[in-house]
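Subject: Structure handover and notes

Hello,

Here is the structure for you to look through. My notes on it come after the model.

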Amino acid sequence: MQDLSKRRFLQASAATLAALGLSPAALAQGAADTWAVPPGLQNRMYDTALAIARAKVRGGPGNAAYPKPFVDAAFSPHIFAWDTCFIAAYAKYHPDELPIANALDNFYARQDADGFICREYDADGRPFWPKDHPVSINPPLFAFAELELYSQSKDLGRLRTTYPALKRFFDFLIRTYRMDDGLFFSDALGSGMDNIERYPDGWSDDHQGVALHNLYPKVFAYTGLNAEWNRQGRSVDFSAQMALFADNLKTIAGLIGETTDVAGYTRLHTEIGQAINAHCWREADGFYYDLGYGHQIRRKHIGMFWVMLAGVVPPERLDQLLAHLTDPNQFWRRFPVATTPADEPGFNPAGGYWKGGVWAPTNYMVIRGLERVGRRDLAARLARQYYWCVAQVFKTTGTFWENYAPDALAPGNIAQKDFCGWTGIAPIALYREFEARPV
C-alpha cells in the first residue's frame with residue numbers, strides 16, 4: 001500500500017494512543033479527540049483488510065461454474081448478491097487485486113430471460129431459492145454497485161454492457177413485487193436482515209402470502225412466520241431500494257446516451273417516493289414504518305433509513321427522522337448504528353445478529369444517505385466514530401468481524417471473523433472517503 005503514511009484520517013497524538021482502550025473512559029477520550037485513530041493503526045487496518053479480501057478471491061479456469069477469478073465474502077461456497085454489491089464499495093479502489101467486476105458478472109451470467117436474478121447461487125451456479133417467492137430477492141443494488149465501480153474506473157463501456165441486464169432485472173421486480181398502492185412487498189430473509197420480524201405483533205399465518213417451497217431443505221429449510229409474511233405487507237426498505245434503483249438507472253442511462261429511458265426512470269423514482277411518503281410516514285412519530293394489510297406496523301429498524309440514499313425524504317421531514325438516528329436511546333449506541341434500536345422489544349445489546357448488531361452495509365448506507373440529503377457533517381461524524389470503534393476491536397482481536405455489538409466495543413455475539421466481506425468498507429472505503437473531511 002503506497003503513501004498511506006501521508007494520510008491524515010483520524011490522526012491521534014502519542015498521548016491519545018496511550019489512552020485508548022475498551023473502557024468508558026476510552027470512549028470519552030475518543031469523542032474528545034474527534035474519534036482519532038493513529039496513522040500506524042490505520043495502515044495496519046488497511047493492509048490487513050486488503051490481505052483478507054485478496055485471500056478470498058476464488059474461481060478461475062479450474063472452476064466450471066465460475067471460470068473467472070472474483071472477489072467474494074467467501075464464508076460459504078455460495079455467492080450472495082448484496083454482499084457482492086457492498087464489497088464493490090471498497091473493491092472499487094483495488095480492481096486489479098479484488099476482481100469485483102467478475103463477481104457482479106457472475107450474477108448477470110445467470111439471469112433468466114424474464115430478468116430474474118437470484119440473490120444466492122450455489123457452488124455449481126444453481127439458484128438456491130425459488131423464483132416465485134420474494135426470499136429469492138436481496139436488496140437490488142447492482143446498479144448502485146456498477147456506479148461505485150464507475151466512480152473510479154470511468155469505464156462507460158462496462159456501463160453500456162451491463163445496462164441491459166440491469167434494466168431487465170428492474171423490470172422483473174416492478175412486474176413481480178410492486179402493488180397497486182405503488183409500494184413493494186418483500187421477505188424478511190430476502191431483505192438481508194435475517195432475524196428482524198416484519199409481520200405485525202400477534203400475527204398468525206393466514207395463508208395469504210406467497211407460499212414457499214424450499215429448493216434444498218436438507219441444506220437450509222426456511223420456515224416459520226417470516227417465511228409466510230410477504231404479500232400481506234409493504235416494505236419501506238425494499239420500496240426505497242427500488243426508488244434508488246430507478247434513480248441509478250436514470251444516471252447510467254444519461255451517462256451512456258440512452259436518453260429516451262431517463263424520463264421513465266425519473267417518473268418511477270417520483271412515484272415510489274410519493275407512495276412511501278403517503279403511506280409509510282407517521283407524523284406523530286416522525287418516522288417511517290412498514291405496512292401490514294394497509295396499516296402501519298409501528299416497529300423501528302435500520303431499513304427505514306434507505307429513504308435518504310434513495311432521495312425520497314421531503315426536507316421538512318428530515319430533522320424528525322434524524323432525531324431517531326442520533327438518539328443514544330435508540331439507534332446511536334456506544335458502537336453506532338444499531339440495526340434494531342434500543343427502545344424496541346427484542347433489542348440485544350450484544351448484537352443478536354440484526355436484533356441490534358452493527359453492520360457495515362447498513363452503516364455505509366446511512367453515511368451515503370446523509371451525504372445525499374446534505375448532512376455531510378453528520379455523515380463524517382458517523383464515519384469517524386464507526387471507524388474508531390472498528391479500530392478498537394481490531395486492536396484487541398487483530399481482525400474484522402461480520403458485525404459488532406451496539407453496546408460494547410466487541411464483535412457481535414453472532415459474527416464471523418476475518419470478514420472482508422463487506423466489513424472491508426470501514427478500513428478501506430471510509431478511510432479513503434473521509435480522510436480529509438472536517439467534522
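This is a predicted model: local features need pLDDT of at least 70, side-chain atom pairs count only at pLDDT 80 or more; totals for chains, interfaces and linings use all residues.

Aromatic pairs

Searching the whole structure turns up 41 aromatic pairs.

A second pair is Tyr177 with Phe238. The ring centres of Tyr177 and Phe238 are 6.1 Å apart and the planes stand at 70 degrees, so this pair is also edge-to-face. Tyr177 is part of helix α7 (residues 156–177) and Phe238 is part of helix α9 (residues 236–256), so the pair ties together parts that are 61 residues apart in sequence. Tyr177 has a relative accessible area of 2% and is therefore buried. Phe238, with a relative accessible area of 5%, is buried.

Ring pairs also build a cluster, whose members are Phe75, Phe80, Trp82, Phe86, Phe144, Trp306, Tyr353, Trp354, Trp359, Phe419 and Trp422. Phe86 and Trp422, described above, are among them.

There is also a charge placed over a ring: Arg381 lies over the face of Trp332, at 4.4 Å from the ring centre.

Helix packing

Two packed helices are described by the angle between their axes and the distance between the axes. For helix α6 (residues 142–153) and α9, the angle is about 45 degrees and the axes are 9 Å apart. That angle makes α6 oblique to α9. The crossing of α6 past α9 is left-handed. On the α6 side the residues in contact are Ala143, Phe144, Leu147 and Tyr150, and on the α9 side they are Phe245, Asn248, Leu249, Thr251, Ile252 and Leu255. Phe144 also belongs to the ring cluster.

Helices α14 and α15 cross at roughly 145 degrees, and their axes come within 10 Å. The crossing of α14 and α15 is left-handed. From α14, the contact uses Ala379, Ala380, Ala383, Arg384, Tyr386, Tyr387 and Val390, and from α15 it uses Ala426, Pro427, Leu430, Tyr431 and Phe434.

Backbone features

Two peptide bonds are worth a look. Pro336 and Val337 are joined by a cis peptide bond with omega of about 5 degrees. Val337 sits in the loop between α12 (315–325) and α13 (360–372). The bond from Cys420 to Gly421 is cis, with omega near 15 degrees.

Where does a residue other than glycine have a positive phi? One case is Lys154, with phi near 55 degrees. Trp35, not a glycine, has a positive phi of about 55 degrees. Trp35 is in the loop between α2 (24–32) and α3 (39–55), and at 10% relative accessibility it counts as buried. Lys154 lies in the loop between α6 and α7. At 52% relative accessibility, Lys154 counts as exposed.

Single residues

Phe305 is in the loop between β9 (295–296) and α11 (306–310). Is Phe305 buried or exposed? Its relative accessibility is 0%, so Phe305 counts as buried. Setting aside neighbours within four places in sequence, Phe305 is in contact with Phe287, Leu321, Leu325, Phe331, Met365 and Val366. The C-alpha atom of Phe305 is separated by 29 Å from that of His94, and the two residues are 211 apart along the chain.

At 17% relative accessibility, Lys355 counts as buried, because the cut-off for buried is under 20%. Not counting residues up to four places away in sequence, Lys355 touches Asn195, Glu197, Thr339, Thr340, Gly346, Phe347 and Asn348.

Regards

Notes
Residues are numbered from 1 along each chain as its sequence is written. Side-chain values use heavy atoms; hydrogens and water are left out. Rings of Phe, Tyr and Trp (its six-membered ring) pair if their centres lie within 6.5 Å; planes under 30 degrees apart count as stacked, over 60 as edge-to-face and the rest as tilted. Helices (H or I, at least four residues) and strands (E, at least two) are DSSP runs, numbered from the N terminus. Buried means under 20% relative accessible area, exposed over 50%, partly exposed in between (1.4 Å probe, protein chains only). A charge sits over a ring if NZ of Lys or CZ of Arg is within 6 Å of the ring centre and within 35 degrees of the ring normal. Axes are lines fitted to C-alpha atoms, for helices over the stretch in contact, and angles run from 0 to 180 degrees between N-to-C directions. Angles under 35 degrees count as roughly parallel, over 145 as roughly antiparallel, 65 to 115 as roughly perpendicular and the rest as oblique. A crossing is left-handed if the near helix is turned anticlockwise from the far one by less than a right angle, and right-handed if clockwise. Contact means heavy atoms within 4.5 Å.
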